[in-house]
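Let's take a walk through this one together, with the sequence and the 3D view side by side.

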Amino acid sequence: MTDAEETLVQKAQEERLEAVWASPKGWRYWSDVNNTSIGIWYTATSFAFMLFAGVLGLMIRVQLAVPDNDFLTANFYNQVYTLHGTAMMFLFAVPVFEAVAIIILPQMLGARDLPFPRLSAFGYWCFLIGGIFVCGSLFFNAAPNSGWFMYPPLTTEERFTPGYGADIWLLGLSFIEVASIAAAVELIVGTLKCRPPGMRLNLMPLYAWYVLVVATMILFAFPPLIAGDILFELERLFDWPFFDPTRGGDPMLWQHLFWIFGHPEVYIVFLPAIALLAMIVPTFAQRSLLGYSWIVLAAVGTGFLSFGLWAHHMFSTGLPAISLGFFSAASEAVAIPTGVQIFVFLATLMTGRVIYSIPMLFVSGALAIFVLGGLTGVMVAMAPFDWQAHDTYFVVAHLHYVLIGGMLFPLVAGAYYYFPLAFARQLSARLGRWAFWLMFVGFNTAFLPMHWSGLVGMPRRVWTYPEALGLGTANMISSVGAFIFATGFLVVVFDVLRPRGRQPYAERNPWNAGTLEWLAEMPGKTWGVRSVPIITSRYPIWEQKNFIADYDAGRFYMPDAEEMKRETMVTGVLDAEPIQVLRVPGPSFMPMIAAVVTGAMFILATFHYWMATLVALGLTIASILVWLWRGTSFIPEKPRKDVGLGLVLPLYTSGPASVSWWAMFITMTGDATAFFSLVFGYFFFFTIHGDFPPPGVDGPGLFWPGVSVVLFALAWAAARLIQSLNSAGRLGAARACMGLGGVLALGAGGALLWGPHATGLEPTVHVYPAIVWTLCIWTALHAAVGALMLFYCLARSLCGLLTPTHDIDIRNVALYWHFMAVMALVTVATVALFPLASGGS
Amino acid sequence: MELPNQTRDTLWTLIATPTIWALHFLFCYVVAAYDCAPNARIFQTIEGTRIAIAVATIVSLAAIAAIGWRAFREWRAGEGKSPHSADTAEDRERFMEFSSLLLAALSFVAVTFGAMPALVFVDCR
């Protein structure tokens with residue numbers, strides 16, 4: 001082929017790729033599911049919530065600027081600080097990680113898109129609706145007003161907190177948690193299975209390591225909160241006494257479940273921000289990051305240890321000292337991996353030739369502030385010190401140093417660094433310098449005095465304070481600092497939003513970075529990557545010869561979209577060897593519709609419109625079924641395709657080779673975590689009661705749970721059998737098993753519910769019947785979902801969409817049923833057998 | 001040089017030692033919480049809990065040390081040079097071994113930390 005011919009071929013390839021990956025035009029733009037569009041909407045929305053929460057923060061500072069102030073009423077002040085914390089954590093800190101990862105992870109991995117683009121879209125719309133619902137409540141004077149951790153009994157009793165505030169918090173945020181878990185599934189599968197050929201685990205960008213760790217943490221941290229939310233709502237809506245000591249409940253269970261989520265959450269917020277530093281620091285030190293393995297140690301180690309810290313938020317609750325000791329020890333231990341990261345960055349900077357750009361300025365500010373916050377963290381990790389500082393402004397100072405130094409400054413550094421990638425233009429260095437110094441000075445002016453005012457005795461969450469406390473000056477300084485800080489941030493916002501039509505595009509790879517995401521052209525193309533590159537180094541742009549030229553010419557894999565379908569490559573976990581070409585779905589309104597009806601369900605439940613809630617539930621199930629039916633497990637027109645360089649890959653895989661099987665596995669891991677949190681609740685109540693079950697309570701007995709477990713076993717066996725029958729081509733038998741299995745599953749769920757009903761367990765009387773009912777309902781609902789899945793497979797099989805060779809659906813459903821079987825066994829063992837073993841009736 | 005019975009490292013072997021830490025942590029917490037619940041008789045001594053924690057700690061530390069030693073031996077025997085950024089399955093293996101070693105060291109320290117409260121606290125106060 002001559003050069004001219006080659007150019008023509010390349011041009012034709014580019015046109016096809018561009019057409020396939022183009023965003024829809026006009027109002028249909030909002031049906032887009034491509035990671036770049038979703039990621040940018042997601043990021044913009046979370047920053048909008050951040051600004052909203054920031055204004056609330058300023059309102060707090062105005063109220064506290066002088067003693068005996070009445071700028072806000074006490075009740076409204078409570079709503080303001082509750083929403084400030086809630087929105088900053090749930091609507092900004094966590095979502096913005098997911099948002100940024102959705103934009104840059106595929107770029108960094110040389111992937112055209114993440115494996116489930118419509119799931120990202122669904123997550124985004126859930127986030128938007130839930131966030132507006134929670135924040136909007138403030139404008140009706142109906143916002144939650146009991147602190148971002150919603151401690152009962154303050155929040156469970158109508159006489160303390162009348163109105164819907166707590167329900168809005170619980171249901172609105174539960175809905176957003178679902179979105180977070182969806183994003184976590186997407187990001188884990190993306191990192192493990194969508195890397196470019198050759199990007200072995202030891203060559204993966206450190207950002208991807210962090211994403212992997214953090215997304216996995218979400219999977220184990222958010223479900224306990226969901227379980228807690230379920231118990232909480234059952235108490236608020238139906239008077240089931242989980243947190244009411246007069247009927248056997250205990251408010252401490254909420255604190256445990258909340259902080260099992262709440263502490264890892266701090267690291268879920270912090271690690272992705274540090275991940276940005278791990279990308280920025282090498283670029284501006286102009287060398288590879290030192291201690292790659294040490295960063296992996298730090299990320300994985302922190303991910304684990306952060307789960308052993310939850311009770312350090314509960315040091316003053318009267319737990320036995322030995323228990324406090326365990327959590328104190330883990331809290332000190334987590335400083336080790338955290339410190340390792342800081343030293344790795346410092347060592348890299350010291351051995352490189354550092355270019356002092358705006359992102360680097362924010363990186364140094366971040367390190368300085370975070371180290372201070374970390375040191376006060378080591379202080380409050382010691383129980384005796386914490387008893388002194390607990391619930392004072394010392395803790396407020398500590399947490400803002402950690403979060404603003406550990407998360408906001410790195411994020412702003414990341415915004416300056418990655419802005420050209422998203423918008424093809426540079427942010428202003430001059431404004432950036434202004435923004436940095438205003439933010440840095442303002443932040444320290446606002447929060448440094450709080451260490452002192454806290455130790456002197458300024459309590460948290462108070463509406464106002466008397467002049468005699470002598471803290472007027474310190475508070476005034478803090479308030480002035482807060483406004484300087486806010487001004488600095490507004491400079492960033494202005495720079496981002498100002499019209500830049502006449503500003504020239506940034507040059508390609510403007511920072512001279514070494515990692516894959518900087519292959520992007522300016523302005524960027526929607527196709528993600530021109531061709532899927534072969535990776536042989538950690539910094540391919542720096543170290544691989546002719547890399548950009550080969551990439552641009554499409555000399556790597558998949559340079560074309562000859563069938564006019566959106567495709568990305570799936571590779572192996574360890575060594576990223578090519579496995580499959582994955583067809584990914586294009587624009588659709590289905591994720592948005594599904595999110596709207598799911599949101600409607602949660603919102604209607606908040607206001608107790610039960611019939612309407614049921615209708616919304618029906619619509620939710622219907623919309624998800626339509627989405628799955630039309631948008632998943634396509635049977636490709638040919639079994640394999642040539643992806644270039646002599647490589648032929650299958651277009652369809654099922655079972656463990658398929659990304660959807662991984663997604664099912666990961667989702668069910670999260671689901672199992674929520675389930676075990678409820679089981680933890682059962683045993684928690686057992687430990688605090690001398691008699692559990694209480695005397696005179698006789699249920700759920702052995703008979704009905706026994707019947708249920710037998711039916712569950714049969715349904716599980718059917719699900720197992722279907723897979724082999726289907727593969728063997730015995731479609732009639734397979735279909736019979738699908739129908740039968742579904743009916744057995746419904747029977748199993750029904751029998752499980754009949755046990756507590758038949759033995760007259762009354763959930764409002766005591767916590768024992770309440771928790772038994774909860775476990776049974778949870779398991780029965782999962783049985784219903786399992787039945788629905790089997791009927792879905794039956795319908796797919798009858799329509800010829802599930803065949804002996806194209807069996808993604810049934811293999812995923814069989815996997816679901818493994819989890820289902822374990823859940824049924826644990827439930828029955830807990831509610832039926834355990835009372836016998838523990839000597840109850 | 002390849003050692004006999006070389007383990008193939010995966011993400012699961014990588015997280016083996018912190019998982020032991022997690023189990024040890026949970027065990028210590030649950031045993032103590034169960035022993036002291038409902039936290040009414042605070043001067044009740046907790047001999048049983050302390051012995052159980054001691055046993056769990058020895059077992060956990062031994063397991064972590066064994067896994068760490070395995071990773072160290074295989075890493076040292078390997079040809080690859082730090083920072084293990086070569087495009088070979090061998091270097092990926094060396095990287096995983098070295099990271100496992102680091103995590104084993106961290107887990108060893110964290111388990112030791114976690115056991116220390118059992119040395120000082122003798123009752124449920």
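Over all chains, the structure holds 1 disulfide, meaning a pair of cysteine sulfur atoms within 2.5 Å. You'll find it between C36(B) and C124(B), with the sulfurs 2.0 Å apart. Before going on, a word on ground rules: this is a predicted model, where local features need pLDDT of at least 70 and side-chain atom pairs count only at pLDDT 80 or more, while totals for chains, interfaces and linings use all residues. Residues are numbered from 1 along each chain as its sequence is written, chains are lettered from A and ligands numbered from 1 in the order in which they are written, and side-chain values use heavy atoms, leaving out hydrogens and water.

Back to that bond. The torsion about the S-S bond of C36(B) and C124(B) is about -85°, so this disulfide is left-handed. C36(B) belongs to helix α2 (residues 16-36) of chain B and C124(B) to the segment after α5 (117-120) of chain B, so the pair ties together parts 88 residues apart in sequence. (Helices here are DSSP runs of H or I with at least four residues, strands are E runs of at least two, and both are numbered from the N terminus.) C36(B) is buried at 3% relative accessibility, and C124(B) is buried too, at 0%. For the record, buried means under 20% relative accessible area, exposed means over 50%, and partly exposed is in between (1.4 Å probe, protein chains only).

C793(A) is buried at 0% relative accessibility.

Now for where the chains meet. 43 residues of chain A are in contact with 46 residues of chain B, contact being heavy atoms within 4.5 Å. The area buried between chain A and chain B is about 3,800 Å², with carbon and sulfur atoms giving 78% of it; buried area is the accessible area (1.4 Å probe) that two parts lose on being put together, summed over both. F304(A), I322(A) and F326(A) supply 19% of what chain A buries against chain B, more than any other three residues.

There's some charge pairing here as well: 2 salt bridges are counted between chain A and chain B, each a side-chain nitrogen of Lys or Arg within 4 Å of a carboxyl oxygen of Asp or Glu. D87(B) and R200(A) form a salt bridge, at 3.0 Å from N to O.

Looking at the whole structure, a search finds 29 salt bridges over all chains. D552(A) pairs with R508(A), their closest N and O atoms being 2.7 Å apart. D552(A) lies in helix α17 of chain A and R508(A) in the loop between α15 (472-497) and α16 (540-543) of chain A, so this pair ties together parts 44 residues apart in sequence. D552(A) is partly exposed at 25%, and R508(A) is partly exposed at 26%. Besides R508(A), the residues that D552(A) touches include E14(A), E521(A) and R530(A), not counting residues up to four places away in sequence.
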